[in-house]
Amino acid sequence: MRRRIAPYGVAGPMKYISTRGHSGERDFADVLLAGLADDGGLYVPAEWPHLSAADLRGMRGLPYADIAARIMALFTGDTVGFETLSAMSRDAYAGFAHPAVAPLVQLDSTLWVLELFHGPTLAFKDFALQLLARLFAHVLTARDQRITILGATSGDTGSAAIEACRDRDRVDIAILHPAGRTSEVQRRQMTTVLSPNVLNLAVEGNFDDCQDLVKAAFADAPFRDAVHLSAVNSINWARIAAQIAYYVAAALALGAPDREVAFAVPTGNFGNVLAAWAARRMGVPIARLTVASNRNDILTRFLASNDMSIRPVQPSLSPSMDIGVSSNFERLLFEFLGRDGARTGAAMADFRATGRMAVPEAAWHQARTLFHGFALDDAGTLAEIRATRAATGYLADPHTAVALAAARADRCAHLPTVVAATAHPAKFPDAMRDAVGVSPPLPAHLATLYERPERFSIVPADLSVIESRLRALIARNTP
Ligand SMILES: *Cc1c(COP(=O)(O)O)cnc(C)c1O
C-alpha cells in the first residue's frame, strides 16, 4: 500500500514497531518521547512511506523548511497537523546562518559538498534537534506533561540538544560530558548556556562512563518514571526522520527524480547514513551510499568481510565518529533479516554476548550492493584537508575530509556525488591548524564564545549523585 503525502493535513495513522518485535504498535508521539522501545529494540515505521516521481517533482524549488515539513509529515501521522508542522519547521530552520539552510557547494564537475553546519552549534545535529525540541513542546502541551532529557555526549550531540531545548517550557535537560575530554569549543558551546532548565555535569571519567550512567538512570524504573526521563540520542527515530529531508532536498537540487546521485557520509552511530538509506528506500534515486569512517572502522570491516567485531575505541581527529558499535545499524539489520523481530533480537543478543556478528550471506551481499565502506586514519585526514584546499580552496573539517577522501576513492563517472559536510571547520581549530596552518574564525553568533561565562559542575561517576542533581533541577523548575 502506498502512503501519499497529499493532502498534507494528515498522512494517516502512522505506526511504529520495534526491531525486536515485542513492543506492539506505537504512534509518533510515543516514539518521540520514548527513544528506545521497551524490548530494547529501536523503533521503525511499520510501513515505509513512498515518494513517487510526481511527489518528488512537486517539491522541486520549495524552500528547505517546506521540504522538511513535507517529509516529516510522512512520519508524524496524526500527531501534529500539517500547518502546525510547517510553522515549526520554518521556525526551526529560520535560525540557520545560511539562507539555503543546507547549501550545496560544487567542488568539481561531479563532486558537491552538502553543508550541514549552518545551524546554531555548527554540526548537522542541529537539523534534527531544532525540529525535535518544537515537536516535544507540541506533544507535551497536548498531554499536559513535563519531561527531563538526559544524555551523554562526547561532543556535538550535547551542544545541539542544549541549544534546542534551552528556555523551553515543560523540558529540563541534563547533559553529561567527560570532564576535560571534550574540545574547548565543544565544552563551551554547552557550558555557556546559562538557562535555568539546563544542567551541565562534567563526569570524572570517560565517555563510556557517562553513557553507562545514562543507561543506569534509564534502567532505574522508579526514577525514570518519577522524572519522565527522555532521550535525544541518535537512536530516537524522530532524529533520523528529520535528517531524511536534506538528502531529498540535495537529490532534488541535482536533478532527482530524473537523475541519480551518490552520497558519501561521515559515519559514527550510523544515524546520518541511515537517513540517506531511508530516502532511497522511499523512492529517491540514490545509486550509491558510501559509509566513511575514521580508524574506528567496524562498519568498513563488516562490509569488507562480514565480520562486525567490537574493538576498543581509539581517539581520532574526527571525535564525533569515534565509536565502537554503530547502534543504528540494528535498523538496517532488521530490514536485511526480512523485518523479523525475533531474528533481529537474537542476532543483537548474540552480538552483545560475543562482541561479534556475521549476518546471513544473502543479507551481507545485499548490504554490499547498497553500501561501500571506506576508512581513513588521522594522517590521511590531514592530507585530505590539505589536498582539498590546494585543489579547490575549500576548507573541510576533519569529519567531512574523511568522506571527501571516500568519495574520491569511490567515484563513478557521470554520477553526481555529494559529500555530507557534518561540521564547520571552526569547531576543530587544532586539527585545521595542523593540516593547513590556519583555522577559520567562528561565525558571528559564536564570536564571543571564549569570553562567555561557563556554568557546570564536576561530579563523580556515581548514579546517586547524578539522580540527586536531576531531582534538584526539576524541583527548581516545576511550578
Ligand atoms: C555525530 C556526528 C557524526 C556521526 O554521525 P552518525 O549519525 O552518528 O553516524 C559525524 N560527524 C559529525 C561532525 C558529527 O557531529
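## Before we start

Because this is a predicted model, local features need pLDDT of at least 70 and side-chain atom pairs count only at pLDDT 80 or more, while totals for chains, interfaces and linings use all residues. Residues are numbered from 1 along each chain as its sequence is written, and side-chain values use heavy atoms, with hydrogens and water left out.

## Around the ligand

Let's begin with the ligand. It has 15 residues around it, and the closest are Lys125, Asp156, Gly268, Asn269 and Asn272 (a residue is near if one of its heavy atoms lies within 4 Å). Sorted by class, this shell holds five nonpolar, eight polar and two charged residues. Here Ala, Val, Leu, Ile, Met, Phe, Trp, Tyr, Cys and Pro count as nonpolar, Asp, Glu, Lys and Arg as charged, and the others, Gly among them, as polar.

Next up is an open sheet of six strands in the order 3-4-14-9-10-13, with mixed pairing. Strands here are DSSP runs of E with at least two residues, helices are runs of H or I with at least four, and both are numbered from the N terminus; two strands pair if DSSP finds at least two bridges between them. Strand 3 (104-108) and strand 13 (371-375) are at the edges with a single partner strand each, so one side of each has no neighbour in the sheet.

Strand 9 (261-266) and strand 14 (417-421) pair in the parallel sense over three bridges, and Ala264 stands opposite Val419 in strand 14.

## Helices on the sheet

Helix 10 (237-253) packs on the sheet, touching strands 3, 4, 9 and 14 (contact means heavy atoms within 4.5 Å).

## Two backbone details

A cis peptide bond joins Ala256 and Pro257, with omega about 5 degrees. Pro257 lies in the loop between helix 10 and strand 9.

His228 is not a glycine, yet it has a positive phi of about 50 degrees. You'll find His228 in the loop between helix 9 (221-227) and strand 8 (229-230).

Notes. Axes are lines fitted to C-alpha atoms, for helices over the stretch in contact, and angles run from 0 to 180 degrees between N-to-C directions.
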